[in-house]
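Morning, everyone. I'll go from single residues up to the whole fold.

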Amino acid sequence: MSLPAAGSPLVAEERPDPVAGDGEVVLAVRACAVCRTDLHVQDGDLPDIPFPIVPGHEIVGEVTAVGAGVDLNVGDRVGVPWLGATCGSCEFCRRDQENLCPRARFTGYQIDGGFAEMTRADARYCFGLPAGWDDVSAAPLLCAGLIGYRSLAMCGDARRLGIYGFGAAAHIVAQVAVWQDREVYAFTRPGDVEAQTFAESLGAVWTGGSGDRPDKPLDAAIIFAPVGALVPAALEAVRPGGIVVCGGIHMSDIPTFPYRILWGERQLRSVANLTRHDAQAFLDLAPRVPVQTTTVTYPLERANDAMDDLRAARLSGAAVLVP
Ligand SMILES: [Zn+2]
Ligand SMILES: [Zn+2]
């Protein structure tokens with residue numbers, strides 16, 4: 001299922017089977033979760049998208065062919081995340097910030113991804129998956145989980161943690177946060193009772209609309225919803241010294257706000273991509289929590305319906321395509 005141009009629906013296309021080059025694997029895709037970033041690719045919100053592109057960067061696949069110099073075997077089950085390749089030699093790569101590598105390439109954005117029956121990946125950016133998860137349950141770990149986890153790590157030792165936007169990433173982060181003894185405050189669209197009930201079922205101690213304020217100030221907040229107006233709202237909800245993390249790749253413009261809501265050593269920062277260390281750390285941690293993913297499956301040919309349902313917030317948890 002390929003995107004021919006910005007603003008277009010996905011189109012079913014027949015292509016020849018991929019061939020594994022040096023260092024690559026070919027995968028039979030078993031499941032691929034749908035991420036908000038796929039919507040940003042569809043909308044052309046990201047720069048220089050090489051259309052046509054096959055989206056999808058939360059891939060669970062079985063290795064069907066290996067190129068030269070690859071450590072994996074035919075039959076192995078692996079996960080493929082957003083980070084598809086890095087240069088390995090720039091200043092960022094050399095100091096464990098490969099997520100910021102200017103020559104990084106990303107799955108489902110610059111490299112054809114997992115909305116497909118088969119795909120191809122650089123073996124160095126494929127990960128073994130915990131045995132306890134079936135293919136569909138494991139797929140959302142690969143972005144909602146990984147980038148959610150990196151966002152959570154940016155919050156330091158915050159105990160009272162706000163989460164704005166309770167979708168696929170939030171539903172995983174909330175479980176990890178509760179397991180780490182944090183208190184989760186879930187902010188949803190005003191009046192979204194279904195999302196609030198879902199958050200409570202995962203251990204949130206407080207739920208409310210994005211404009212509401214809990215009675216205690218937060219130590220940190222993560223914003224997953226792509227809504228710039230949430231930045232001043234979150235800054236007003238955190239205590240002096242608190243942290244606000246923007247977890248998405250794209251956001252509408254942030255409205256101007258008075259300096260006093262940043263004053264008091266509050267910090268505002270973004271999270272970009274992931275490193276392979278994040279991936280390994282999260283995939284080691286997830287079985288210990290244990291994280292349980294809530295998924296809605298769609299056959300691959302209904303990828304457009306999955307994208308539309310995510311866009312319209314008609315989902316609890318993560319949409320997953322199954323070829
Ligand atoms: Zn993603
Ligand atoms: Zn680099």
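Let's start at D48. Is D48 buried or exposed? D48 counts as exposed, because there are 6 C-beta neighbours inside 10 Å. Here are the cut-offs: a residue is buried if 20 or more other C-beta atoms lie within 10 Å of its own, exposed if 12 or fewer, and partly exposed in between, with C-beta atoms placed from the backbone. D48 sits in the loop between α1 and β2. Its phi is positive, about 55°, although D48 is not a glycine.

A word on the model. It is a predicted one, so local features need pLDDT of at least 70 and side-chain atom pairs count only at pLDDT 80 or more, while totals for chains, interfaces and linings use all residues. Residues are numbered from 1 along each chain as its sequence is written, and chains are lettered from A and ligands numbered from 1 in the order in which they are written.

E265 also has a positive phi, near 60°, and is a residue other than glycine. You'll find E265 in the loop between β12 and β13. E265 is exposed, because 10 other C-beta atoms lie within 10 Å.

Now the cis peptide bonds. One joins F51 and P52, with omega about -5°. P52 lies in the loop between α1 and β2 (59–66). Another joins V289 and P290, and here omega is about -20°. P290 belongs to the loop between α8 (276–285) and β14 (295–299). Why point these out? Most residues other than glycine have a negative phi, and most peptide bonds are trans.

On to the strands. The protein has nine helices and 15 strands. Helices (H or I, at least four residues) and strands (E, at least two) are DSSP runs, numbered from the N terminus. Two strands pair if DSSP finds at least two bridges between them.

Find β11 (residues 218–223) and β12 (residues 238–246). They pair in the parallel sense over five bridges. I222 stands opposite V245 in β12. How does the chain cross from β11 to β12? Through helix α7 (residues 230–237), in a right-handed β-α-β crossover. Right-handed means that, with the strands pointing away from the viewer, the path from the first strand over the helix to the second runs clockwise.

On β12 there is another pairing, with β13 (residues 267–270): parallel, over four bridges. There, I243 has Q267 of β13 as its bridge partner.

Zoom out to the domains. The assignment gives domain 1 (24–140 + 293–322) and domain 2 (146–270). These bounds come from an automatic or database domain assignment. The two centres, taken over C-alpha atoms, are 25 Å apart. In contact are 13 residues of domain 1 and 11 residues of domain 2. Contact means that the C-beta atoms of two residues, placed from the backbone, lie within 7 Å. On the domain 1 side, helix α1 (residues 36–42) gives the largest share, three residues.

Last, the whole protein. Buried residues make up 47% of the 323 residues. The C-alpha atoms fill a box of roughly 55 × 40 × 40 Å, taken along the principal axes.
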